[in-house]
Amino acid sequence: MSEEINVSVGTSAATPGSVGLSTQQVGQATTVDGLAAASGGIAPGNLFDTDIDEQLFIFEGDDTPLMGMMLKAKKVKVKSPKVQHYMLDEERTNVTLTSEVSEASTQSFVLPMSSNDAALCQVCTQLRVRDVDGYDEKGKTVTKGVDLILYVTGKDTSDMPIVRCVNGPKINETDAYCTTPAIPVGASIDVLSTAMHETQKEVAPDSVQPVPTEVYLQKRGMNRIVSDYFESQKKRIPFSDAIIAERAIRKFKRAGNRTLWISKKGELQVQDPKTGTQVVYFTEGLRWQFKREFQHTGKWTFEQFISLAKMYYTSADVPENATVLAGKNFLENVQCIDFKNHPEVKIEVRTNKLGWKVTAIHTVFGDFEFKREPTLDKLGYSNSAAIIGNDRLVHYERTAEHSDTERVEGHEASRESLIVWDALALKGSCHIFINGDGGEASSNAVSYVMWDSDTAPMGDDLVDGRVYCFTTDVQLSETAKAKQGETWQYKNSVWSEYVEAITV
C-alpha cells in the first residue's frame with residue numbers, strides 16, 4: 001500500500017500544459033505537500049509567503065454543460081451496471097406499397113408491403129392512400145383531391161393486410177360494396193384509427209413493441225490526498241483545503257464530460273490482487289447515441305437554418321425545447337447568418353430553465369437556445385453542435401454520488417475519495433448531431449444533408465442511404481421529383497420520399 005501511494009512530488013522537471021506553459025508535472029500524485037514542492041519555492045514552512053492565483057482553482061460549471069444537463073435530467077435508480085434502455089420513439093404511421101394493385105371487379109384485395117409495414121396494418125384499421133383519388137357515394141365519379149380510403153378486414157397467409165375500399169368504384173350505384181381500383185407501386189399509405197362494428201368490443205392488440213438498447217453505467221472515481229502537515233498550516237496560508245478540492249473536482253468533471261461525449265460502450269475483465277477477476281464497464285458517449293446526424297460544413301444561410309428548425313420541431317418525436325451545445329466555430333457561423341431581411345426572427349439573451357445564460361433564436365417552428373460547449377472544441381468538434389431536448393434525457397445511477405475519508409497506511413495523510421456510477425442516455429429521436437467537421441456519419445444514425453442546387457445529387461454527392469433536404473424543386477429521376485421543403489432518401493439506387501423511421 002505504501003508503494004502504491006506517493007505523497008511527495010520529487011524533483012522531476014515541469015512539462016507543458018494544454019497552452020504550452022510549463023506548469024504541470026505529469027505522473028506525480030496530486031497532494032497538498034506535493035503541490036507546495038512543485039510550485040517554485042512554496043515549500044513546507046513558507047507556504048504563506050507567496051500569493052496564489054485563486055482563480056486557477058475556481059470551479060466553473062460552464063466548462064461542462066453536458067454534465068450539467070445530465071445532473072438536471074430525470075434520475076433513474078438501477079441495481080445493475082447494465083440497463084435495458086427504451087428510446088420510445090413515436091410510432092410510425094406511414095407504409096409503402098411494394099407492388100402495384102391492378103384494377104379488378106373483386107371487393108377484397110391484398111396490399112403487398114414489407115412485413116414490418118404489414119405489422120402496422122392491423123385488422124379493423126382504416127388506411128388512406130395518398131395521391132389516389134376516391135369516388136363519390138355512387139361509386140361512378142372520381143372525386144379529385146379526396147384520397148382513397150381502405151379498411152383492413154383480415155390478413156392473408158403471408159400476414160399481408162386484406163382490405164376493402166370505403167370510397168372506391170362500384171359496378172352499380174346500388175351495390176353495397178366497392179370494387180378494386182388501380183393503386184401504383186410505391187404508393188404512400190397513412191395508418192388511421194380503428195373502426196369497429198356495432199356490437200364489437202375487441203380489436204387486435206398493437207403488434208409493435210419497443211426494442212430496448214443496452215446501456216452501460218461507468219464507475220468513475222477521484223482520490224485526493226491531504227497531508228497532516230497541511231492541516232496544521234491551514235490557518236497560516238492564503239488558500240484553503242476547499243480551494244484545492246475545487247480544482248480536483250473541476251478536473252474530475254471535465255474528464256467526465258469528455259467521457260459523456262465520446263466514450264464507446266464496452267467491458268473488460270481485469271485482475272484485482274485482493275478481489276480477483278473484476279469487470280470494468282465503459283459507457284456509450286452521447287456522440288454515438290444520436291439517431292439523426294446532419295452533415296453540414298461551411299457557412300449557414302437563413303434558409304438552411306429554418307430548414308433545420310423544421311426538421312427538429314416537426315419530426316415524429318416533438319420535444320419541448322432545443323438546447324444547442326455548440327463548438328466555437330459553429331457559434332460563429334450562426335452568429336454571422338444574415339437575419340436583417342427577416343425581422344420576425346428574434347435574437348435575445350435569456351436565462352433558461354437550467355439557470356444558464358443562453359442566446360435564444362426564435363423561429364416560427366420553435367426556439368433554439370445556444371450554449372458554448374468547450375469540450376467539443378477540445379475534442380476536435382469546433383464546427384459541430386448537438387441539438388438536445390432537455391425533457392428527453394435520462395440519468396441512470398447505480399449508486400448516488402458519495403465520498404469517504406480514510407487514513408493512508410504508512411503516511412501522515414488522509415485520502416478522500418469521490419465515486420459516481422452512472423450513464424446518460426437519450427430518449428426519443430428528436431435529438432440531432434450537426435457534423436460540421438467532416439467525416440462519415442455515425443453508423444447508428446441516419447445521415448442528412450441540405451441540398452440547395454436545382455440539379456440532382458451526382459457523383460460523390462450521391463451517397464446510398466443518405467437523406468436529402470431540398471430547398472428548391474429538383475427532378476431526381478424520370479419518375480421522381482422533389483419539391484421545395486421535402487426530404488427524399490437515395491437507397492439501393494432508388495429515390496423515395498423519406499418518411500422518418502428511426503431504427504433503435
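Let's start with Ser442: setting aside its neighbours within four places in sequence, Ser442 touches Arg287, Trp288 and Glu293, where contact means heavy atoms within 4.5 Å. Ser442 sits in the loop between strand E23 (432–435) and strand E24 (446–451). Helices and strands here are DSSP runs (H or I, at least four residues, for helices; E, at least two, for strands), numbered from the N terminus. Is Ser442 buried or exposed? Ser442 counts as buried, because its relative accessibility is 8%. For that label, buried means under 20% relative accessible area, exposed means over 50%, and partly exposed is in between, with a 1.4 Å probe and protein chains only.

A quick word on what you're looking at. This is a predicted model, where local features need pLDDT of at least 70, side-chain atom pairs count only at pLDDT 80 or more, and totals for chains, interfaces and linings use all residues. Residues are numbered from 1 along each chain as its sequence is written, and side-chain values use heavy atoms, with hydrogens and water left out.

Okay, the whole chain. Its secondary structure comes to eight helices and 29 strands. Of the 504 residues in the chain, 44% are buried. Take the contacts between residues at least 6 apart in sequence: 67% of them join residues at least 24 apart. The chain exposes about 27,000 Å², with carbon and sulfur atoms supplying 50% of that; accessible areas come from the Shrake-Rupley method with a 1.4 Å probe, and for residues only the protein chains shown count as cover.

Now another loop. Asn352 is in the one between strand E17 (346–351) and strand E18 (357–362), and Asn352 is buried because its relative accessibility is 7%. So which residues does Asn352 contact, leaving aside neighbours within four places in sequence? Those are Val358 and Glu369. Asn352 and Glu369 are 17 residues apart along the chain, and their C-alpha atoms are separated by 8.0 Å. Also, the side chain of Asn352 reaches the backbone nitrogen of Leu354 at 3.1 Å.

On to cysteines. A disulfide is a covalent bond between the sulfur atoms of two cysteines. The rule used here asks for a pair of cysteine sulfur atoms within 2.5 Å, and by that rule the count is zero.

Leu268, Val270 and Val280 make a nonpolar patch of about 220 Å². Patches are made of residues with over 30% relative accessible area and no salt bridge, joining like charges within 9 Å and nonpolar side chains (Val, Leu, Ile, Met, Phe, Trp, Tyr) within 5 Å. A salt bridge, in turn, is a side-chain nitrogen of Lys or Arg within 4 Å of a carboxyl oxygen of Asp or Glu. Leu268 belongs to strand E13 (residues 266–272), and Leu268 counts as partly exposed because its relative accessibility is 49%.

Asp131 is not a glycine, yet its phi is positive, about 60°. You'll find Asp131 in strand E7 (residues 125–135), exposed at 74% relative accessible area. Ser493, also a residue other than glycine, has a positive phi near 65°. Ser493 lies in the loop between strand E28 (487–491) and strand E29 (494–497), and Ser493 is exposed at 60%.

Methods. A polar contact is a pair of N or O atoms within 3.5 Å; within protein, one must be able to donate a hydrogen and the other to accept it, and residues adjacent in sequence count only if both atoms are side-chain atoms.
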